[in-house]
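Please look over the sequence and the structure shown here before reading on. The report that comes after them is meant for someone meeting this protein for the first time.

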Amino acid sequence: MSKPIDTGAILKRLGIKELNAGVCTGTQWFETEGAVTSSVSPIDGKEIARVKNATMDDYEMVMKKAQEAFKVWRRVPAPLRGEVVRQIGLALREYKEELGALVTYEMGKIYQEGLGEVQEMIDICDFAVGQARLINGVNLQSERVDHRLSEQYHPLGIVGLVTSYNFPVAVWAWNTALAAVAGDVVVWKPSSKTPLTAIATMHIIQDVLKKNNVPEGVFNLVVAKSSVMGDNFLADKRVPLLSVTGSTAVGKRVGGIVGKRLGKTILELGGNNAVIITPSADMQMAIMSTVFGTVGTAGQRCTSTRRIIIHEDIYDEVRDKFISAYKHIVPRIGNPLDPDTLVGPLIDQSAVEAFRFAQKEVVREGGKILFGGEVLEGNNYGSGNYVVPCIAEAENHYSIVQEETFAPIVYLIKYNGDIMNAIAIQNDVPQGLSSACFTLDMREAETFLSYAGSDCGIANINAGTSGAEIGGAFGGEKDTGGGRESGSDAWKIYMRRQTNTVNFSKDLPLAQGIKFDI
């Protein structure tokens, strides 16, 4: 899209109307009697469209459809399920620019990042297609003569999916592509802040589902208030696996409720991600990568860089270079649909208030604001959600530094001595999602990646904390929840694991040599 983006034309092509149904079982949309809510763009504060939310009866209808569909879908050979996902990837390619623009319009990330989010959807579809032919078990060695010991994987059932506004469609794809090839069915509850991207996604895939006679109930969408689809969804025994993206507080609540019924969870929760910059670092690489990590998506990524841990010998130089880089960013804060924009708005006023609060707290605790922090005003910032990314000096033990602020504020922290001191600072927070170390020293790099190094689920060398590829498993440790999505062997969580023993001998020997003769 080199010409100006026509949001009206995009909404029309994606099937978004002034008033939209919020319940779908694949190709069928249902008129509901639930509350009507508005989706408001953080760009200008204006309503984009409205959505009719689900009622409790709608929720029950979808769950029953999903149960029925699972019995059919699990019998479809995995490569054929993969073929459906392949075609979904092709459909997403066809609508990449439009859906990317809607992500920007409804969520506020810059258009390049909106396109990148849809590319993630396409990439995970490609990954899942290959995985469909590699849902493999393993043959093991039995201790008993003429016995075969093996493991295999079976479809699990209904996967409940709750997504966040910051990646409103990519996380759906991470989970759904793998769940679908695994033989599961998905019930998706999108963020109340970004329902239109979810509705558009269902419009994009519905022709694929029709063409392949996919049963209604395999790919489900339910836009609903928490009073209709909240704790009851988490407690629903028909849902063996819940995948939830949200804050640590939300994750603890989810884990408690699902845990009571011994269900499974994938929890993608808060991050308090740090970059370590050592004296041996390639300074230009470190600055460029880390600036994207701090201000990309206006600091609203789970993997956004929140802390920069800098050796005292290079601290002043690094600090000054960051401030200089930020000065170049300020003129390019604005409408994220404009291709020249580098930083768009925060999602809403609650995020702006959290941004303001963090600044007050860091100063109260003894820190110092070095740059930025203002809320922008004027005709170009009509929604009131535009802020100047903030750089602050702080110490790691400050209460506000120990928390995740979902906004573009980054804390500069000094360290002295060797890499182990920096690692100790990095690990001394409750969260453990993403981490990075910029160094050209092999020993520092290998120490950072070792058992004594970063305690995060993601640890990078000379690459920033954000912008993970889909090929690796995505997730973190500690208060980040421990879940894994996307690539590698993350597909296994969507399946039921089974150990098998086959006795093809004429005898009945017991394991461990136990004798039991009658």
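## Overall form

This is a predicted model, and in it the protein has 15 helices and 24 strands.

Among the contacts with a separation of 6 or more, 74% are accounted for by residues 24 or more positions apart.

## Interior and surface

Of the 518 residues in the protein, 56% are buried. The protein exposes about 22100 Å², and carbon and sulfur atoms supply 50% of that area.

## Cysteines

The count of disulfides comes to 0, where a pair of cysteine sulfur atoms would have to be within 2.5 Å to qualify. For C125, the closest cysteine sulfur is that of C24, and because the two sulfurs are 17 Å apart, they are too far for a bond. C125 has 3% relative accessibility and therefore counts as buried, since the limit for that class is under 20%.

The sulfur of C456 has its closest cysteine sulfur in C437, at 12 Å, which is likewise too far for a bond. With 16% relative accessibility, C456 also counts as buried.

How values were computed: Residues numbered from 1 in each chain as written. Predicted model: local features only at pLDDT ≥ 70, side-chain atom pairs only at ≥ 80, totals over all residues. Heavy atoms only, no water. Helix = DSSP H or I, 4+ residues; strand = E, 2+ residues; numbered from the N terminus. Buried < 20%, exposed > 50% of the residue type's maximum accessible area, 1.4 Å probe, protein only. Contact = heavy atoms within 4.5 Å. Areas by Shrake-Rupley, 256 points an atom, 1.4 Å probe, with all protein chains shown as cover.
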